Amino acid sequence: MTPEELENAMRYGSQSSTDTRRKDDLGRFGLGLKMASMSQCRKLTVMTKKDGVICAACWDLDYIIHQENWSLQFFPESELEELPGYLYLKLKESGTVVIWEEFDRLKQGASKVQKAFDEKIELTRKHVSLVFHRFLNDENPKNRLSIYFNGEAVKGIDPFLTKHPATQPLSEQVLRIASDEIRVKPYVLPYISKLSKQDIAAIGGKEELRQQQGFYIYRNKRLIIWGTWFRLIKHNELGKLARVRVDIPNSLDHIWEIDIKKSRASLPHFIKKNLVDIVENTVGRSERVYKYRGRNVQTDNLVHVWNPIDDRGRFQYQINRELPVIKMLEANLNEGGGAILEAFIKMLEDAFPYSDVYYRMAKSEANVTEGALETNEVYNMAEQMVHQIENMGGDVAAFLKTMDKMDFFIKYPDVVSQIREVYGNDG
């Protein structure tokens with residue numbers, strides 16, 4: 001900035017919020033730099049360079065109190081060299097350095113100032129990586145923003161996991177208000193078992209997965225509010241994989257009631273109805289991911305061990321009596337044994353711990369296991385089934401062909417391959 005531009009940037013309310021701004025302008029009220037800085041420290045210095053000229057200005061609360069006047073300090077050229085960052089700017093063609101000093105609130109609120117400062121830095125890094133992730137991850141290198149903390153580049157956090165192959169991006173919809181557009185694009189995240197440790201870290205961890213469902217409101221690609229459904233629906237366990245990206249231009253700030261910090265917004269009443277249908281569809285997709293663990297329910301022709309039964313709104317899980325293993329048991333039991341088997345299955349169904357399963361999954365999904373049996377155990381089970389089918393004169397080839405259609409064996413593809421290799425050519 002030039003000295004004149006610096007003075008204007010340091011002025012509180014340097015531009016009216018009603019002024020028409022460039023479409024890519026992130027500012028609104030002309031207060032952000034000053035208020036954000038003075039909320040953390042008592043002394044703010046901005047040093048900047050343009051056209052070979054370095055200048056600096058400072059807001060110092062102690063100086064203001066002493067002068068009894070809101071006086072902006074300017075530094076003579078002879079004092080610039082003493083400022084932190086001067087040598088950095090001197091070597092650059094242009095740039096700006098923001099200096100915070102006298103962290104009074106941090107000192108008052110923490111016994112170990114350095115530890116508290118380091119924690120604040122880490123929280124800030126995480127916040128920046130999410131709020132500005134679309135700038136940090138821009139596919140066009142020319143538009144990509146680089147932010148460094150102590151020389152280390154900040155990586156953008158993608159809350160939608162758009163690069164993950166199991167993420168379900170839904171159709172983008174455009175809501176028009178006069179000549180302005182609001183773009184809405186929903187995403188359904190993969191079930192947690194399909195996520196790597198890096199994926200889980202990228203979305204804030206398992207404990208935050210449920211809280212982060214909802215709308216993600218962007219103003220000119222800057223994230224301003226996230227993790228809320230604006231009371232259109234309630235946060236719930238089955239909907240926690242649903243996230244809806246909403247892009248609004250800065251020309252619509254007034255209808256969203258964007259606050260000064262650009263961290264809060266209100267949902268305009270007249271677009272609620274448009275969003276309700278989008279939300280219900282997205283959450284419905286999220287629920288189906290839980291029911292079928294990422295499989296497309298439209299094409300799910302698997303043979304399930306458990307079948308969900310809807311008896312006039314009363315849901316129950318029943319064991320599939322058509323499973324080959326149950327058919328073999330029935331064939332090998334005596335006349336009274338079949339009745340005992342049926343009674344035992346009904347007892348298992350009636351005692352299914354619905355509430356306990358729901359509670360434990362909601363509390364900690366790390367305790368829910370899939371594919372917990374050892375491979376050799378599953379192989380022995382499959383082999384016994386093949387032998388039973390042979391002894392009963394059944395169709396082994398048909399069984400081998402349908403193994404990968406059974407939701408039990410689908411978790412053990414190596415076993416299916418081995419059994420088919422060993423027994424596929426028999427007879």
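Me: What share of the contacts with a separation of 6 or more comes from residues 24 or more positions apart?
Reply: In this predicted model, such residues account for 60% of those contacts in the chain.

Me: What makes up the chain, in helices and strands?
Reply: The chain has 18 helices and 14 strands. Buried residues are 37% of its 427 residues.

Me: Why is the pair of Phe160 and Tyr218 called tilted?
Reply: Their ring centres are 6.5 Å apart, and pairing requires centres within 6.5 Å. The planes stand at 45 degrees. Stacked needs under 30 degrees and edge-to-face over 60, so the pair is tilted.

Me: Why does this pair tie together parts that are apart in sequence?
Reply: Phe160 lies in the loop between strand 6 (152–153) and strand 7 (168–169), while Tyr218 is in strand 10 (residues 214–219). The parts are therefore 58 residues apart in sequence. Both Phe160 and Tyr218 are buried.

Me: Which residues do ring pairs link into a cluster with Phe160?
Reply: Tyr187, Tyr216 and Tyr218 join Phe160 there.

Me: How do you know that the charged end of Arg134 sits over the ring of Tyr218?
Reply: The charged end of Arg134 is 4.6 Å from the ring centre. The distance limit is 6 Å, and the direction must lie within 35 degrees of the ring normal. Arg134 is assigned as sitting over the ring. Lys185 likewise sits over the ring of Tyr187, 5.6 Å from its centre.

Me: Why is Tyr412 called buried?
Reply: Its relative accessible area is 8%. Buried means under 20%, so Tyr412 is buried.

Notes:
Residues are numbered from 1 along each chain as its sequence is written. This is a predicted model: local features need pLDDT of at least 70, side-chain atom pairs count only at pLDDT 80 or more; totals for chains, interfaces and linings use all residues. Side-chain values use heavy atoms; hydrogens and water are left out. Helices (H or I, at least four residues) and strands (E, at least two) are DSSP runs, numbered from the N terminus. Buried means under 20% relative accessible area, exposed over 50%, partly exposed in between (1.4 Å probe, protein chains only). Contact means heavy atoms within 4.5 Å. Rings of Phe, Tyr and Trp (its six-membered ring) pair if their centres lie within 6.5 Å; planes under 30 degrees apart count as stacked, over 60 as edge-to-face and the rest as tilted.
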